Protein chains: 2
Amino acid sequence: MKATNNANYGDLEYIEGGVCAAKGFKASGYYSGIKAYMQTGADGNESPVPGKKNDIALLVADVVCNTAGVYTSNKVKGAPVIVTKRNLAANGGKAKAVIVNSGNANTCNGDGEEKAQAMCDMVAEKLGIASDMVIVASTGVIGQVLPIEPIKKAIDPLFNSLSYTGNLEAATAIMTTDTVKKEYAVKFTVGGKECSLGGMAKGSGMIHPNMATTLNFITTDCAVSTEMLQKALSDVVKVTYNCLSVDGDQSTNDTCMLMSSGLAENNEINSEGEDYDTFRAALYQVMANLTRMLAKDGEGATKLVTCVCNGAPDLDTAIIVAKSVIRSPLVKCAMYGADANCGRIMCAMGYAETDCDVTKADVYYISEAGKILVCENGLGLKFDEDKAKEILSCDEIEIYVELHQGKAEATAWGCDLTYDYVKINGDYRS
Amino acid sequence: MKATNNANYGDLEYIEGGVCAAKGFKASGYYSGIKAYMQTGADGNESPVPGKKNDIALLVADVVCNTAGVYTSNKVKGAPVIVTKRNLAANGGKAKAVIVNSGNANTCNGDGEEKAQAMCDMVAEKLGIASDMVIVASTGVIGQVLPIEPIKKAIDPLFNSLSYTGNLEAATAIMTTDTVKKEYAVKFTVGGKECSLGGMAKGSGMIHPNMATTLNFITTDCAVSTEMLQKALSDVVKVTYNCLSVDGDQSTNDTCMLMSSGLAENNEINSEGEDYDTFRAALYQVMANLTRMLAKDGEGATKLVTCVCNGAPDLDTAIIVAKSVIRSPLVKCAMYGADANCGRIMCAMGYAETDCDVTKADVYYISEAGKILVCENGLGLKFDEDKAKEILSCDEIEIYVELHQGKAEATAWGCDLTYDYVKINGDYRS
């Protein structure tokens with residue numbers, strides 16, 4: 001029995017390669033010593049420490065790519081978000097390269113835009129392209145000046161190590177408190193041509209609905225117009241990353257980019273229809289799996305917790321209710337403690353911001369150990385506590401809610417709240 | 001130096017007596033064994049265990065009181081909330097008694113309204129009054145049937161021990177995971193008559209803005225019309241209990257009642273003016289201090305954290321920004337770890353739901369160890385980390401935010417997020 005009723009989120013064939021799975025994308029990663037430089041003035045890349053995690057990533061496409069983006073709605077925006085949005089607006093949604101650093105968010109620091117622009121300029125100069133063809137992103141501590149020196153020194157090594165199999169190096173470089181790299185790719189066929197779509201993601205804290213994650217880069221060789229890329233990305237973000245909550249905090253730097261090289265040589269998808277649906281399904285499968293990985297690697301998490309809300313009058317209601325349950329700190333603690341407290345589920349549904357009548361719901365807990373009904377028609381049941389404990393002691397738990405108000409369904413992804421979340425975030429900067 | 005710039009929230013004289021401080025209010029508390037009965041069927045009050053915390057409280061007024069209430073906005077409402085609202089609506093805002101149990105929220109359990117009504121009936125019968133003159137409230141686990149038997153057996157002992165100094169017994173009875181009793185009272189003069197106003201509160205988890213706390217009972221002997229009681233209560237709740245967040249969860253049973261016996265014999269306050277202002281100031285001082293106690297006793301909390309937002313264009317904006325900061329799990333963890341991470345403050349201000357420009361703010365940390373500016377005009381500063389650590393290591397911390405957008409100010413109350421919050425909530429029911 002599956003821990004969730006849709007754990008694969010599609011049946012397209014999984015392939016290796018992450019952000020390099022699609023034709024025409026090279027990547028690399030490098031340890032430049034940004035954090036060391038911030039702390040001591042020492043420039044890590046002059047004396048590289050073996051085993052140090054990469055902190056800067058480069059992605060370069062063989063051709064100019066149609067490109068779509070979705071960004072944080074936080075009013076305090078990271079400088080790289082501002083610069084990337086400006087670049088894509090200037091050239092109508094085109095990009096050829098991406099540069100990303102971890103260790104410093106380049107936000108709330110005075111000269112952020114200047115530094116983000118400098119990162120674009122350095123990459124553009126190496127490639128002989130306009131600066132606005134470069135996407136820039138940063139993740140890490142907010143409110144500190146980004147040292148440009150280590151990044152400057154990293155440019156040559158990054159270009160020298162670019163490779164069609166460099167996806168792992170790049171995926172490592174964008175990690176902060178993440179404990180695992182997050183990559184996923186699929187292959188599919190459009191107009192008789194084999195296409196690939198894959199991506200990498202980072203984020204484990206400061207993750208919340210409305211651009212839930214931090215950094216996501218997805219590439220495809222399927223030819224798609226910028227307009228249809230944007231439509232697919234915005235649609236799929238709504239039911240994947242925006243249905244993810246680790247801690248209720250929404251980052252200043254959230255960025256999700258989707259680039260198409262078109263090298264699969266299919267006829268460009270520029271309207272809705274069967275080809276678009278196929279492409280959208282591939283994008284959903286990749287983004288839903290990345291979302292799942294982000295939730296499972298939530299800071300301090302010991303369990304992946306999903307809430308599937310079914311029987312809602314419409315999709316928006318299903319999303320709102322599922323997210324409200326997943327976000328509740330008391331539900332998250334109960335999942336950590338394997339405590340089948342259905343009152344907390346009802347409570348969180350009750351304060352969900354929707355007019356839908358949530359007071360008559362059924363609530364089940366589901367995991368590979370089984371399924372148990374704990375609340376029926378809004379009323380708590382007497383149930384087998386030992387069985388419930390066994391179900392909730394698994395490391396993937398689904399809270400299944402049936403509203404009996406319609407046919408819409410949505411999934412929200414989250415995790416338990418643990419001692420380690422507190423520990424990790426009690427002193428993040430050190 | 002004060003840990004907060006308004007720790008007393010007024011300069012009226014503090015007096016002992018809590019919910020019995022005002023003339024005409026008797027209270028009692030009793031251990032009826034509700035939880036024991038739920039777990040084993042054993043009825044605690046037949047064989048009382050020495051040292052067991054009271055779990056049922058009674059408050060009886062000498063006269064019929066004008067009464068106002070504010071309740072949870074959660075759509076899943078506890079049965080006692082439904083019954084109390086119905087009672088007050090039926091008689092135009094009058095009450096003579098209050099019965100409250102802890103250990104079971106009497107919510108989502110099928111026969112909740114019937115049981116809540118039975119609690120009112122039992123009290124009304126003893127007093128020879130109509131049932132709608134009784135206020136009922138419950139707090140504890142949601143989704144389990146409330147055993148009425150131990151409550152029935154508690155009625156006589158509760159009436160037999162009613163006393164003008166029974167406030168402590170009652171304040172103990174309404175506690176759940178609270179570690180300390182919460183009482184506060186003041187005296188003041190209206191129209192040459194000495195008046196008193198005092199109350200008791202409970203709540204340490206499932207506490208969040210919009211009727212932030214769980215149960216609050218405030219009494220006064222100052223004569224005030226029901227209409228003006230409601231106005232004052234609604235106004236003051238907005239800037240006190242609704243500015244409190246422990247965990248972002250909003251309870252199904254939140255209830256705040258304000259009763260006036262009128263026994264101070266002042267001319268009844270039935271319109272705005274000087275007397276009303278004096279009364280409102282007393283109510284604010286009591287409710288703000290109870291709010292402060294609730295925040296300080298937040299589940300697992302080691303520190304009281306307040307956020308004062310100044311320089312806002314209006315009160316609503318100041319409240320929204322201050323609450324967003326106090327609610328952020330990452331800010332709460334940073335406070336626990338004494339980590340002066342100003343980026344998290346800016347981030348939480350950035351996702352506050354207001355159109356106000358929060359990107360140019362100054363941020364200070366203040367405690368009895370001093371005051372330090374960590375963010376100026378929206379930009380993180382280099383500051384003395386040792387000094388910041390010293391300031392944040394105190395047990396009462398103020399985050400002071402200056403928006404430079406106007407003259408409105410608001411305070412929000414909260415606490416740090418700790419290992420113990422997770423521990424307490426990992427297995428609340430056992």
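In what order do the strands of the open sheet of 6 strands in chain B run? The views below start there, and everything in them comes from a predicted model.

**View 1. The open sheet of chain B, strand by strand.** Reading across, the order is E13-E12-E11-E14-E10-E15, and the pairing is mixed. The edges belong to strand E13 (379-380) and strand E15 (408-415) of chain B; each has a single partner strand, so one side of each is left without a neighbour in the sheet.

**View 2. Zooming in on E11 and E14 of chain B.** Here strand E11 (residues 362-367) and strand E14 (residues 396-402) of chain B run antiparallel, joined by 5 bridges. For a handy landmark, look for B:Asp362, which sits opposite B:Glu402 in E14(B). As background, strands of a sheet pair through backbone hydrogen bonds, either parallel or antiparallel.

**View 3. Two helices packed on that sheet.** Helix H10 (residues 342-350) of chain B touches E11, strand E12 (370-376), E13 and E14 of chain B. Its direction makes about 60 degrees with that of E12(B). Helix H11 (residues 385-392) of chain B packs on the sheet too, touching E11, E12 and E14 of chain B. For H11 of chain B, the angle with the direction of E12(B) comes to about 120 degrees.

**View 4. Inside the largest nonpolar core.** This core holds 289 residues, and the members that touch the most others are A:Ala322, B:Ala322 and B:Val401. Take B:Ala322: leaving out residues up to four places away in sequence, it touches B:Cys243, B:Cys307, B:Val308, B:Cys309, B:Ala410, B:Thr411 and B:Ala412.

**View 5. Where chain A meets chain B.** The contact involves 52 residues of chain A and 52 residues of chain B. On the chain A side, the elements giving two or more residues are helix H9 (329-336), helix H10 (342-350), strand E13 (379-380) and helix H12 (419-426). H10(A) gives the most, with 7 residues. By residue type, that side of chain A splits into 24 nonpolar, 22 polar and 6 charged.

**View 6. Stepping back to chain A.** The chain's secondary structure amounts to 12 helices and 15 strands, and its C-alpha trace spans about 70 × 55 × 35 Å along the principal axes. Its radius of gyration is 22 Å, which agrees with the value near 22 Å for a compact globule of 430 residues. Of those 430 residues, 64% count as buried. Among chain A contacts between residues at least 6 apart in sequence, 81% join residues at least 24 apart.

Notes
Residues are numbered from 1 along each chain as its sequence is written. Chains are lettered from A and ligands numbered from 1 in the order in which they are written. This is a predicted model: local features need pLDDT of at least 70, side-chain atom pairs count only at pLDDT 80 or more; totals for chains, interfaces and linings use all residues. A nonpolar core is a set of buried Ala, Val, Leu, Ile, Met, Phe, Trp, Tyr and Cys residues joined through C-beta atoms within 7 Å. A residue is buried if 20 or more other C-beta atoms lie within 10 Å of its own, exposed if 12 or fewer, and partly exposed in between; C-beta atoms are placed from the backbone. Two residues are in contact if their C-beta atoms, placed from the backbone, lie within 7 Å. Helices (H or I, at least four residues) and strands (E, at least two) are DSSP runs, numbered from the N terminus. Ala, Val, Leu, Ile, Met, Phe, Trp, Tyr, Cys and Pro count as nonpolar, Asp, Glu, Lys and Arg as charged, and the others, Gly among them, as polar. Two strands pair if DSSP finds at least two bridges between them. Axes are lines fitted to C-alpha atoms, for helices over the stretch in contact, and angles run from 0 to 180 degrees between N-to-C directions. The radius of gyration is taken over C-alpha atoms; the globule rule is 2.2 Å times the number of residues to the power 0.38.
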